[in-house]
Amino acid sequence: MGVKLKFYGTEETKTENQSLEVFVNQSKEITLIINDEDVDLVLNKQIISLDKQTAIRLSRELRKQIALLD
């Protein structure tokens, strides 16, 4: 059984209607879906799947960028 997380943008940046979904797909890759919740069209959905090594690199980069916020 898998877990799918959904994150939303902020009101401050007026991105609260955009979401990011993260889950492991059937091919054992990390899938990220960026979706515009305002529009119900397939064209407003961007999907990318990352292998484990690339997902780890992404998580490291996110941590670096988060550290810059402090």
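**Figure 1. Surface and overall layout of the predicted model.** The protein exposes about 6,300 Å², and carbon and sulfur atoms supply 56% of that area (Shrake-Rupley method, 1.4 Å probe; for residues, only the protein chains shown count as cover). This is a predicted model, where local features need pLDDT of at least 70 and side-chain atom pairs count only at pLDDT 80 or more, while totals for chains, interfaces and linings use all residues. Residues are numbered from 1 along each chain as its sequence is written, and side-chain values use heavy atoms, with hydrogens and water left out. The protein has one helix and four strands, running β-β-β-β-α from the N terminus on (DSSP runs numbered from the N terminus: helices are H or I with at least four residues, strands are E with at least two). Along its principal axes, the C-alpha trace spans about 35 × 35 × 20 Å. Of the 70 residues, 14% are buried (buried is under 20% relative accessible area, exposed over 50%, partly exposed in between; 1.4 Å probe, protein chains only). Take contacts between residues at least 6 apart in sequence: 7% of them join residues at least 24 apart (contact means heavy atoms within 4.5 Å).

Figure 2. Side chains of opposite charge can pair when their charged atoms come close. Here the side chains of K4 and E21 meet in a salt bridge, at 3.5 Å from N to O (a side-chain nitrogen of Lys or Arg within 4 Å of a carboxyl oxygen of Asp or Glu). The pair links distant parts of the chain, with E21 in strand β2 and K4 in the segment before β1, 17 residues apart. By this rule, the count comes to one salt bridge. E21 counts as buried because its relative accessibility is 10%, whereas K4, at 51%, counts as exposed. K4 also lies over the face of F23, at 4.6 Å from the ring centre (NZ of Lys or CZ of Arg within 6 Å of the ring centre and within 35 degrees of the ring normal).

**Figure 3. Two loop lysines with positive phi.** K14 sits in the loop between β1 (5-8) and β2 (18-24), and its phi is near 55 degrees, a positive value in a residue other than glycine. Further along, K28 is found in the loop between β2 and β3 (30-36). K28 isn't a glycine either, yet its phi is positive, at about 60 degrees. For relative accessibility, K14 comes in at 69%, so it counts as exposed; K28 has 71%, so it is exposed too.

**Figure 4. L50 and what it touches.** L50 belongs to strand β4 (residues 45-50) and, at 11% relative accessibility, counts as buried. Setting aside neighbours within four places in sequence, L50 is in contact with E29, I30, L32, A55 and L58.

**Figure 5. A nonpolar patch on the surface.** L58, L62, I66 and L69 make up this patch, with about 410 Å² of accessible area together (patches are made of residues with over 30% relative accessible area and no salt bridge; like charges are joined within 9 Å, nonpolar side chains, meaning Val, Leu, Ile, Met, Phe, Trp or Tyr, within 5 Å). I66 is in helix α1 (residues 52-69) and counts as exposed because its relative accessibility is 51%. How far apart are the C-alpha atoms of I66 and L50? They are separated by 21 Å, with the two residues 16 apart along the chain.
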